[in-house]
Amino acid sequence: MADLSVDICGLSLKNPTMLASGVLDETGKTMASIARAGAGAVVTKSIGREPRQGHGSPCIVELGDSLVNAMGLPNPGIDVFGRELEEAKKAGVPIIGSVFGGGEAEIAEMARLMADAGADAIELNLSCPHAKGFGAEVGSTPERVESICRAARSGLDIPMFAKLTPNTSSIVDLAKAAERGGADAIVAINTLKGMVISPEARMPVLANRFGGLSGPSIRPIGVRCVYEIRGAVKIPIIGVGGIESGNDALEYIMAGASSVQIGTAVWKHGPEVFSKVCEDISEFMNRNGFDRIFEMVGVAHEVKH
Ligand code: SIN
């Protein structure tokens, strides 16, 4: 096996894969099982101040390999979730606490509470496309992204990542704003806002009508976003969207990501996807003479047609 270890903002990961927020990450036990399956780090479910039910059913539609979800940020609230975090940390990989809130003050408070609960880094969810008053509704303009990041950054002494929405005319402007506001890394991308209609029922399938599309179909958009962001910011980028294989992860890495997150493929292929992606990457590195992951980060910018 090649040396797949990476350093992301001072966090040491044994390999560049992380569990993306939203899949098998609401309990300590499932997060620990993902770590044991080979993930280099785990991002928690997005957590808010109070318990929240989320949207009613149906809240997920399967479209082949892809999903449209409108979970609506269901979570047990930070007080209860803190105990799950303790359990997850026993697995020995960095745990990144994903938080959401309705504005600068609430998101800053959530970041501090998640840090107090023991997270190794914070991921600000500025991008969920289907929860009223949260996510993309507060994270779609550079001004808000900058001011939220600035508020959350002050008083935090662990790394802070900003997870950005692709549902915008310029994710690059959001990334630059996050960097100005003090984010230590950019996570790109969250799901694409979409909907599915049942002609038979003559109505939207999701109870919330709108949801977020994830899976292989969004990978070219994610890779493009990472490529563009890489040319505009100096902080590390964590790529996410449609990764199922080592080749998919390498696309993101060569576009400029220092590590990657995997979500929908865990739902589809199970936790084994992490070791499979790592084996693929290792095999590619051995075959192509790369010793470390960082040697491949952004190389697609150097080679022109
Ligand atoms: C959810 O938990 O509702 C999904 C989170 C997201 O889309 O960011």
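These legends go with close-up views of a predicted model. Residue numbers start from 1 along each chain as its sequence is written. Because this is a prediction, local features need pLDDT of at least 70 and side-chain atom pairs count only at pLDDT 80 or more, while totals for chains, interfaces and linings use all residues; side-chain values use heavy atoms, with hydrogens and water left out.

**View 1. Two cis peptide bonds.** Most peptide bonds are trans. Here, the bond from Ser-57 to Pro-58 is cis, with omega near -5°. Look for Pro-58 in the loop between strand 4 (41-43) and strand 5 (60-63). Strands are DSSP runs of E with at least two residues, helices are runs of H or I with at least four, and both are numbered from the N terminus. Ala-188 and Ile-189 are also joined by a cis bond, with omega about 20°. Ile-189 sits in the loop between strand 10 (185-188) and strand 11 (192-195).

View 2. Most residues other than glycine have a negative phi. Cys-9 has a positive one, near 55°, and is in the loop between strand 1 (6-8) and strand 2 (11-13). Leu-73 isn't a glycine either, yet its phi is about 60°; find it in the loop between strand 6 (66-69) and helix 2 (78-89). Buried or exposed? Leu-73 counts as buried because its relative accessibility is 7%, and Cys-9 counts as partly exposed because its value is 26%. (Buried is under 20% relative accessible area, exposed is over 50%, and partly exposed is in between, with a 1.4 Å probe and protein chains only.)

**View 3. The largest pocket.** This pocket has a volume of about 700 Å³. Of its 39 lining residues, Ser-21, Gly-22, Val-23, Asn-69 and Thr-191 are closest to its centre. (On a 1 Å grid over the protein atoms alone, a pocket is an open set of points where a 1.4 Å probe fits, with protein on both sides within 12 Å along at least five of seven lines; lining residues have an atom within 4 Å of a point. The volume is the space filled by probe spheres set on the points.) Helix 8 (264-269) gives the largest share of the lining, three residues.

**View 4. The second largest pocket.** Its volume is about 190 Å³. Among its 13 lining residues, Pro-129, His-130, Ala-131, Glu-137 and Lys-193 lie nearest the centre.
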